[in-house]
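Here is a short briefing on one protein chain. Please keep the sequence and the model open while you read.

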Amino acid sequence: MTSQRLNSNLRILGVLALCIVFWVGGITLRLYKLDNKPLTGDEIVSLAVSTGAPNLAPRGLKARNFDEPRFLTAANNKIKQQTVSEALRRTAVENDGNMAFYHGLLHMYATRVTVSTYNMRILSVILDCFGVIAFCLILRHARIHNAKIAGVLLLWAIHPVSIWMSQTTRAYSLAPALGALLVFAVYGWERGATKVLQKRWAW
């Protein structure tokens with residue numbers, strides 16, 4: 001009995017180690033040459049709304065002549081003059097397709113770091129990693145086998161669409177993360193045996 005329990009614990013630890021390896025590998029793939037490509041037009045619009053910088057999104061042939069350093073310098077200067085509420089109001093006016101919550105989050109993040117291609121894209125990587133953890137917690141609480149959770153992490157780590165979406169200064173990573181957190185919270189609320197536990201899940 002003791003040897004069986006030991007083997008079972010070793011298997012669990014092995015799967016857990018695989019999950020960690022897959023998760024770290026996924027983060028590494030997302031951070032590798034994160035700023036290798038210039039900002040896209042959609043990213044420039046998102047940053048313009050969040051930082052208060054002029055919308056210099058290139059269109060057509062002008063894209064080849066876009067001065068990215070000039071835009072980032074303007075964004076670094078303007079972010080100090082724009083409040084979160086002003087960024088949210090600008091969201092309503094320009095409507096770049098991102099949720100207002102993302103612009104508020106991006107604005108608060110940008111005020112604490114230097115506005116650069118790498119720093120602005122890394123927020124999406126953080127949100128993407130946060131979202132996959134929340135999703136794996138849902139699977140764990142639903143008593144899905146650990147090996148299947150490791151498979152989910154492996155798929156997330158190497159899937160090209162997932163990597164691409166997490167390397168863009170857009171709300172692509174935020175929406176799944178919020179969705180996973182919502183499901184996790186509702187699941188915990190339903191499973192809560194006491195009112196005290198339900199209150200904790202509500203928070």
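This is a predicted model: local features need pLDDT of at least 70, side-chain atom pairs count only at pLDDT 80 or more; totals for chains, interfaces and linings use all residues.

The chain has 10 helices and zero strands. Its 203 residues include a buried share of 38%.

**Overall fold**
- From the N terminus on, the order of elements reads α-α-α-α-α-α-α-α-α-α.
- Take the contacts between residues at least 6 apart in sequence: 71% of them join residues at least 24 apart.

**Surface**
- The accessible surface of the chain is about 12400 Å². Carbon and sulfur atoms account for 64% of that area.
- Met-99, Phe-101, Phe-130, Leu-178 and Leu-181 make a nonpolar surface patch of about 430 Å².

- Leu-178 sits in helix H9.
- Its relative accessible area is 35%, so Leu-178 counts as partly exposed.
- Patch residues need over 30% relative accessible area, and Leu-178 has 35%.

**Thr-168, a loop residue**
- Thr-168 lies in the loop between helix H8 (160-165) and helix H9 (174-191).
- Is Thr-168 buried or exposed? Thr-168 is buried, because its relative accessible area is 10% and the cut-off for buried is under 20%.
- The Thr-168 side chain comes to 3.2 Å from the backbone oxygen of Trp-164.
- Leaving aside residues up to four places away in sequence, Thr-168 touches Glu-43 and Ser-124.

How values were computed:
Residues are numbered from 1 along each chain as its sequence is written. Side-chain values use heavy atoms; hydrogens and water are left out. Helices (H or I, at least four residues) and strands (E, at least two) are DSSP runs, numbered from the N terminus. Buried means under 20% relative accessible area, exposed over 50%, partly exposed in between (1.4 Å probe, protein chains only). Contact means heavy atoms within 4.5 Å. Accessible areas come from the Shrake-Rupley method with a 1.4 Å probe; for residues, only the protein chains shown count as cover. A polar contact is a pair of N or O atoms within 3.5 Å; within protein, one must be able to donate a hydrogen and the other to accept it, and residues adjacent in sequence count only if both atoms are side-chain atoms. Patches are made of residues with over 30% relative accessible area and no salt bridge: like charges are joined within 9 Å, nonpolar side chains (Val, Leu, Ile, Met, Phe, Trp, Tyr) within 5 Å. A salt bridge is a side-chain nitrogen of Lys or Arg within 4 Å of a carboxyl oxygen of Asp or Glu.
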